[in-house]
Amino acid sequence: MTSTTQAVETFDSLNPATDEVVGTYPVHTDDDVNTAVAKAREAFRWWASLGFAERAERLRRWKGIIARRLPELCAVVSAETGKPAGDAQLEVVLAVEHIEWAARNARRVLGPKRRSPGLLLANHAATVEYQPLGVVGVIGPWNYPVFTPLGSIGYALAAGNAVVFKPSEYTPGVGAWLVDAFAEAVPEHPVLQLVTGFGATGAALTRADVDKIAFTGSAATGRKIMAAAAERLTPVIIEAGGKDPLLVDADADLDAAADAAVWGAFSNAGQTCVGVERVYVHAAVYDEFVGKVTERARTVRPGEHYGPMTMRSQLEVVRRHIADALARGGRALLGGTDAVGDRYVRPTVLVEVPEDSEAVREETFGPTVVVMRVSDMDEAVEKANDSRYGLGATVFSRRRGMELARRLRTGMTSVNAPLSFAGIASLPFGGVGDSGFGRIHGPEGLREFARPKAVARQRFRVPLALTTFARSAKTDEFVGRLIATWHGRHGGRDKWNRR
Ligand code: NAD
């Protein structure tokens, strides 16, 4: 705990597979949060003063601890989310790559750069550099409790900010582990602090004296956060949910596409913001593709390939979406409403589901997938784009992969492989529409946690002074002619520009 005020109320973190208590954490109050933010403000001054190289070295120490104690961290992730050890390891490994990328590239992306001063101010040197914002509040979800918040935290720290992190109430132990590991690597000042609790603690962080809120979670909470942040004009990044489509073209490698659909839909029990929830398949290969998906999905076992639903309340949402799909004429080729148990959900493959049903329109966040036949890829693009969400997408096509990817209204698309954009540290990650805005990862993710600082420095005086009351009529006339000659060359002739 980072605050000097002792929080009285506590809450338990439970293992969703067994309901066993994994840990007990304080419910931090407004005062606790404000104290943490004030401390962060102090720590920020020191952290920012270190410069890129010193910060990178410390971020690498942190990365080293995470990498060396991988099994320990994975055990906490598995205990709090219920996901298999291999899946826990995958998200930690990707997160480590992101810390390294942010540390290595922060100076190149954010450091001072010269810009052209232009014709009229050619006597100036123009530079821009990206300075840290100050204190960033990071509010995280539970589904990828390492990978997701570190996409904000790693980049915010590399840019020179201090961070106060509020992990999900389902995964406070993972948050605590990451913050403790950071304190081991950087013992001098509390540059990364933890506050724990429910929505109210997150809301307190949103109202606190922070310079930015980086939120990952549902669109509904994102709306509340944005409204609360508006009070102080605090900028926000919203990384919200999705209803990601996968497109299968007539010339696609169907085995690879079916494999991607099954893994994309069912891994992590479908509790993936960029998980595959809808599949649009070219009519020429639809039957074959559906056969392959169903065959593969049959071999996926809950409890072995993926864990329980981390949030018990999600079971009802999944059941409702399946029931609605079936009631409206859809068919379950595998699974169905009885696939929804009291902890685990068996893989469910739905077909012939009307486009306006909940299973097609709402984020299901469970191990279900809807497969639809389309007459061509134009229809596939149109239907894929007909969603209020726009996070990720996947395209399987031998010839038209790039073209189709560009036409999809999503922040990210991977071609001929599932979800690969998330693992490429140099690529920005984020959505459009109800999936949110702002970007983590890559150069865009670094700039998200910095403000551009422009400096124009006069190198020498020129007789043609423009910004003074002493400017003469002659100067005005000269500038008028100069601009007409320079910019007027395009788009026709007139008395200033005769050829
Ligand atoms: P959630 O919105 O319920 O909670 C997310 C976090 O917000 C939690 O820490 C919670 O305590 C906090 N919170 C709740 N109410 C708050 C409030 N009023 N003010 C401030 N903070 C508040 O989401 P969740 O169930 O934890 O996560 C699942 C959702 O996250 C899904 O929709 C999923 O798609 C999305 N997600 C998105 C991404 C992405 O990168 N776009 C990644 C992972 C998950």
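Predicted model: local features only at pLDDT ≥ 70, side-chain atom pairs only at ≥ 80, totals over all residues.

Visitor: OK, which domains does the chain have?

Guide: The assignment gives domain 1 (2-240 + 442-452), domain 2 (244-419) and domain 3 (465-493). Those bounds come from an automatic or database domain assignment.

Visitor: How far apart are the centres of domain 1 and domain 2?

Guide: Their C-alpha centres lie 31 Å apart. In the contact (heavy atoms within 4.5 Å), domain 1 puts in 16 residues and domain 2 puts in 18 residues.

Visitor: And how much area do domain 1 and domain 2 bury between them?

Guide: About 1,500 Å², with 54% of it on carbon and sulfur atoms. Buried area here is the accessible area (1.4 Å probe) that two parts lose on being put together, summed over both. On the domain 1 side, Pro16, Trp142 and Tyr144 supply 32% of the area buried against domain 2, more than any other three residues.

Visitor: How many salt bridges cross that interface?

Guide: The rule finds 2 between domain 1 and domain 2, a salt bridge being a side-chain nitrogen of Lys or Arg within 4 Å of a carboxyl oxygen of Asp or Glu. Side chains of opposite charge can pair when their charged atoms come close.

Visitor: Switching to the ligand: which residues come nearest?

Guide: Of the 31 residues around the ligand (a heavy atom within 4 Å), the nearest are Glu169, Ser218, Thr221, Ala240 and Glu363. A side-chain N or O atom of Glu169 is 2.6 Å from a ligand oxygen.

Visitor: What about Lys166 and the ligand?

Guide: A polar side-chain atom of Lys166 lies 2.8 Å from an oxygen atom of the ligand. Gly140 uses a polar backbone atom, 2.8 Å from a ligand oxygen.

Visitor: Last one: how many salt bridges does the structure hold?

Guide: It holds 40. One of them joins the side chains of Glu277 and Lys243, at 2.6 Å, N to O.

Definitions and conventions:
Residues numbered from 1 in each chain as written. Heavy atoms only, no water. Polar contact = N/O pair within 3.5 Å; in protein donor to acceptor, adjacent residues only side chain to side chain.
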